[in-house]
Amino acid sequence: MAASQTIEFRDPPARVNLAAVAAPPVSLAPSPSPAEDLQELHGDKLVLNMGPSHPSTHGVLRIVLEMDGEIITRATPDVGYLHRGDEKIAENMTYTQFIPYTDRLDYLAPLANNVAYALAVEKLMGIERQLPPRCQHIRVICCELARISAHLLGLGAFAMDVGALTVFMLTFTEREKIYNLCESLTGARFTTSYTRIGGLMRDTPAGWCDAVRKFCDEVELNLDEVEKLLTRNPIFVDRTKDVGIISRADAIDFGLSGPNLRGSGVEHDVRKAHPYLIYDQLEFDVPVGSVGDCHDRYLVRVEEMRQSVRLLRQCLDLIPGGADNKPGEPINVHDSKIVLPPKQKVMTSMEELIHQFILVTQGVNAPAGEVYFGAENPKGELGFYINSRGGGAPHRLKIRAPSFVNLSILAHLLPGHMISDVVSILGSIDFVMGECDR
Amino acid sequence: MTSLDLANQLRAKFGELLSAPVEFRGEVTLKLADAGRIADVCAFAKGSLGFDYLLDISSVDNYGDDPRWTVVYELYGMGHHCHLRLKTDVSEERSEVPTVTGVWRTADWHEREIYDMMGIRFHGHPDLRRILMWEGYPYFPLRKDFPLAGKPSAMPDVAFSKKAPLEGGPFVTLPGGKDTIAREPRVRTMEN
């Protein structure tokens, strides 16, 4: 196929058109019907079924690719293999009981999901401004640790998919440390369920803040190492530069969020645009890309991790009560109708016993109304739409999953790319199917 | 510019079709009386009011009430950073809304999901297929009259789903129940 040399690298749609006319109608053997022969050479497209269990689909994503040679002419993503009916489950239990289910949305950043969900319910209750400062600081630390953890995995898997296996080892070494931090903070490495409506499960254990500080120093060195291996590596650049370009307009039109949106040059970060918790008191920059290709999305993620480290350090410096909370700063909203009373009082006092009983059996008494709360999660904007008719359980809880929305661009983005580019693009979009399928 | 200003501009254009803006927890909600006009309202909101970013579309099942469905659109503008919620009711007999995929392409998957989960159809949608459940699945699982434990259904030639073994459960509370007895956690079906 001599014509393949003329294929432009920068313009995938043009490649589709080129591919359609590329194969010249060479007749290998005399055929009784030239029309049939032509159809045989031109008409056959290969349908390639990628997934649902392909290493680069990071879970159970299936993409049906229609190929002309090595060029994709149509892509049909198929999601839903991990659907568990989380929204249905949410309608049938109290707000607090649903917290463990949020661990299993983006299971690479469970702490961030816990915080986002708790904030959504607190917005419905109108108590988000009453959260004690120590609680807000710890929540921000949790969110940023989760962001680093999720980006490290996203980056490691992305690099591994395009052939750089070492990066995966490096990033997983750091993630292991985050899991250790999660374990000492929440008791679980993976399914943290750390937040409660109106507060936290418990305060930071002794020495935890210093451990986070130590981790900040280590992860920065590790990031330097990762960048040395990737950012100017010719193989990595070849696989990612000018591949999977998402224009600014497309990114907004397809509702992309998080690093994928910012990679396309849109300076939108929920932490800046609508600051929740104490993000308005902290200093951090929002990195944006210039072209919107896979390499830009990679650069945005690396820089976001550095900004997260910066946020972590500020929080650790500013945290009220200091590292070990000697002054006894509260971490929960002071309201026994929202937060479980201390166990000792439950055993000795009638009023606290009643509060405990009502909270456990009926849940918090949320007012009727509807709210939408979106938080800047590692994958993008994780939103919760809660439609309440009053009482302890939502009438309807809709989860706006960033991975679900981000994946919807695939059908538009993939055509015109080579089959090997699919791996780069999927790696750079960085999705989690647990969140996509809910 | 605030969400309320923008909501009033939208009302000035469409008049009585839109209800007065309701504010709750700093969010502005408008209700559209005629679901058939939703695409026009959205096109105007995007074109003239700068709501270029569709956050989400969700659906609510008001089981026992008429009209049964509510479709909820969360609009956002990258330029002015304002959020606006549009709602519209759809009756069970009709169960159809015009699509807004022509306004925002992100609506494609959101509308497919609502069709899949609730069974509301979107008129003019380019590719209205199930998205989370498999092709040929006979129920709409997010409807209130669909039990939490599920219903058995066949997946031709591939698999067969049984009811989830819930050991007598799920034991759930009744939000906003009349008295303590009504609110106690117990097995809940549509009947009791």
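## Exercises on a predicted two-chain model

Of the 438 residues in chain A, 51% count as buried. The model is predicted.

**Exercise 1.** State how many helices and strands chain A has, and what share of its contacts with a separation of 6 or more joins residues 24 or more positions apart.

*Solution.* Step 1: count the elements; chain A holds 19 helices and eight strands. Step 2: take the contacts of chain A with a separation of 6 or more; 69% of them are between residues 24 or more positions apart.

**Exercise 2.** Give the strand order of the five-stranded open sheet in chain B, and say which strands lie at its edges.

*Solution.* Step 1: read across the sheet of chain B; the order is β1-β2-β5-β4-β3, with mixed pairing. Step 2: look for strands that pair on one side only; in chain B these are β1 (22-24) and β3 (53-61), the edge strands.

**Exercise 3.** Describe how β1(B) pairs with β2(B), and find the bridge partner of Val22(B) in β2(B).

*Solution.* Step 1: β2 of chain B covers residues 27-32, and β1(B) pairs with it in the antiparallel sense over three bridges. Step 2: within β2(B), Thr29(B) is the bridge partner of Val22(B).

**Exercise 4.** Work out which strands of chain B helix α1 lies across, and which strands helix α3 lies across.

*Solution.* Step 1: helix α1 of chain B (residues 3-14) lies across β2 and β5 (83-90), at about 15 degrees to β2(B). Step 2: helix α3 of chain B (residues 107-118) lies across β3 and β4 (69-76), at about 10 degrees to β3(B).

Methods:
Residues are numbered from 1 along each chain as its sequence is written. Chains are lettered from A and ligands numbered from 1 in the order in which they are written. This is a predicted model: local features need pLDDT of at least 70, side-chain atom pairs count only at pLDDT 80 or more; totals for chains, interfaces and linings use all residues. Two strands pair if DSSP finds at least two bridges between them. Helices (H or I, at least four residues) and strands (E, at least two) are DSSP runs, numbered from the N terminus. Two residues are in contact if their C-beta atoms, placed from the backbone, lie within 7 Å. Axes are lines fitted to C-alpha atoms, for helices over the stretch in contact, and angles run from 0 to 180 degrees between N-to-C directions. A residue is buried if 20 or more other C-beta atoms lie within 10 Å of its own, exposed if 12 or fewer, and partly exposed in between; C-beta atoms are placed from the backbone.
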